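Here is a briefing on one protein chain. Look at the sequence and the structure first, then read the points below.

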Amino acid sequence: MNILICDDHIAVHESISAYLQAEHMEFASAFNGKQALLMLEKGKFDLVILDIMLPGLFGTEVCRQIRMSSTIPIIMLSAKGEEMDRITGLELGADDYITKPFSPREVIIRIKTILKRTHYAPAPQAELLQAGKMTINPNTQEVYIEEQRIEFTVKEIELLTLFLYNKGKILSREQILNKVWGYDYPGDTRAVDHLIKRIRKKFPKEPAGFEIKSIYGMGYKLETVL
């Protein structure tokens with residue numbers, strides 16, 4: 001696995017890279033947003049660790065530009081006082097975020113969790129999941145609306161898959177958070193709202209035979225519609 005670390009503080013690179021090496025993972029360092037985008041364009045990486053407060057090009061803008069052409073997993077680093085920037089990052093397509101100061105071991109656990117999901121190959125006999133005109137292939141992690149493939153990030157596909165396994169059932173924000181992010185996730189349920197907002201934006205405007213409904217005071221559910 002090859003990880004791109006983008007942060008303007010050398011100490012962050014040193015602490016994370018030491019743990020990556022211990023896990024036999026490769027890594028590369030970028031110290032500003034433009035450098036990170038150039039490295040992503042020329043190299044092959046499995047995940048990006050991206051600081052929000054970067055010199056020149058902010059991490060949120062880097063995240064936005066990455067998502068224009070790639071679904072590579074992104075973990076954003078943010079200071080405690082950068083909540084709005086963190087929310088913006090989630091809305092733009094970040095898969096996870098970690099608040100500074102952090103334990104490098106925590107970063108490694110998050111990386112391994114995301115990569116395990118990204119590279120997990122279900123059994124060949126896994127059935128297609130369908131709702132209306134949407135089809136998810138669990139074997140290839142591909143999502144189609146009729147014949148058109150729609151690009152979704154790892155977290156977005158995980159949430160859609162959860163909904164399809166629970167069609168018509170109301171899932172609370174806490175249930176979704178635990179299933180998609182894990183029980184030890186330190187963030188709050190707003191991450192769920194931002195993820196669903198991102199997914200809805202990718203759906204076609206014309207009716208597709210399904211809808212993710214907000215159930216006031218309870219959560220969300222996916223149901224087919226005529």
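Which residue in β5 does I75 stand opposite? I75 stands opposite D96. This is a predicted model: local features need pLDDT of at least 70, side-chain atom pairs count only at pLDDT 80 or more, and totals for chains, interfaces and linings use all residues. Residues are numbered from 1 along each chain as its sequence is written, and side-chain values use heavy atoms, with hydrogens and water left out.

**The sheet**

- Helices (H or I, at least four residues) and strands (E, at least two) are DSSP runs, numbered from the N terminus.
- Two strands pair if DSSP finds at least two bridges between them.
- Strands of a sheet pair through backbone hydrogen bonds, either parallel or antiparallel.
- Here, 5 strands make an open sheet in the order β2-β1-β3-β4-β5, and the pairing is parallel.
- Strand β4 (residues 74-79) runs parallel to β5, and 5 bridges join the two.
- β4 also pairs with strand β3 (residues 47-51), in the parallel sense, over 4 bridges.
- One of the partners in that pairing is I74 in β4, which bridges to V48.
- Strand β5 (residues 96-100) is largely enclosed by the rest of the structure, because 4 of its 5 residues are buried.
- Buried means under 20% relative accessible area, exposed means over 50%, and partly exposed lies in between (1.4 Å probe, protein chains only).

**Helices across the sheet**

- Contact means heavy atoms within 4.5 Å.
- Axes are lines fitted to C-alpha atoms, for helices over the stretch in contact, and angles run from 0 to 180 degrees between N-to-C directions.
- Helix α1 (residues 10-22) lies across β1 (2-6), β2, β3, β4 and β5. It runs at about 170° to β1.
- Helix α2 (residues 33-42) lies across β1, β2 and β3. Its angle to β2 is about 140°.

**Aromatic residues**

- Rings of Phe, Tyr and Trp (its six-membered ring) pair if their centres lie within 6.5 Å; planes under 30 degrees apart count as stacked, over 60 as edge-to-face and the rest as tilted.
- The count comes to 2 aromatic pairs by this rule.
- F152 and F203 pair edge-to-face, at 6.4 Å centre to centre with 65° between the planes.
- This pair links distant parts of the chain, 51 residues apart. F152 sits in the loop between β9 (148-150) and α6 (154-165), and F203 in the loop between α8 (190-202) and β10 (210-215).
- F203 and F210 have ring centres 4.8 Å apart and planes at 90°, so this pair is edge-to-face.
- Together, F152, F203 and F210 form one aromatic cluster.
- F152 is buried. F203 is buried at a relative accessible area of 16%, and F210 is buried at 8%.

**Two domains**

- The chain is divided into domain 1 (2-119) and domain 2 (129-224). These bounds come from an automatic or database domain assignment.
- The contact takes 18 residues from domain 1 and 19 residues from domain 2.
- Between the centres of domain 1 and domain 2, taken over C-alpha atoms, there are 24 Å.
- About 1500 Å² is buried between the domains, and carbon and sulfur atoms give 49% of that area.
- Buried area is the accessible area (1.4 Å probe) that two parts lose on being put together, summed over both.
- E91, D95 and R117 supply 37% of the area that domain 1 buries against domain 2, more than any other three residues.
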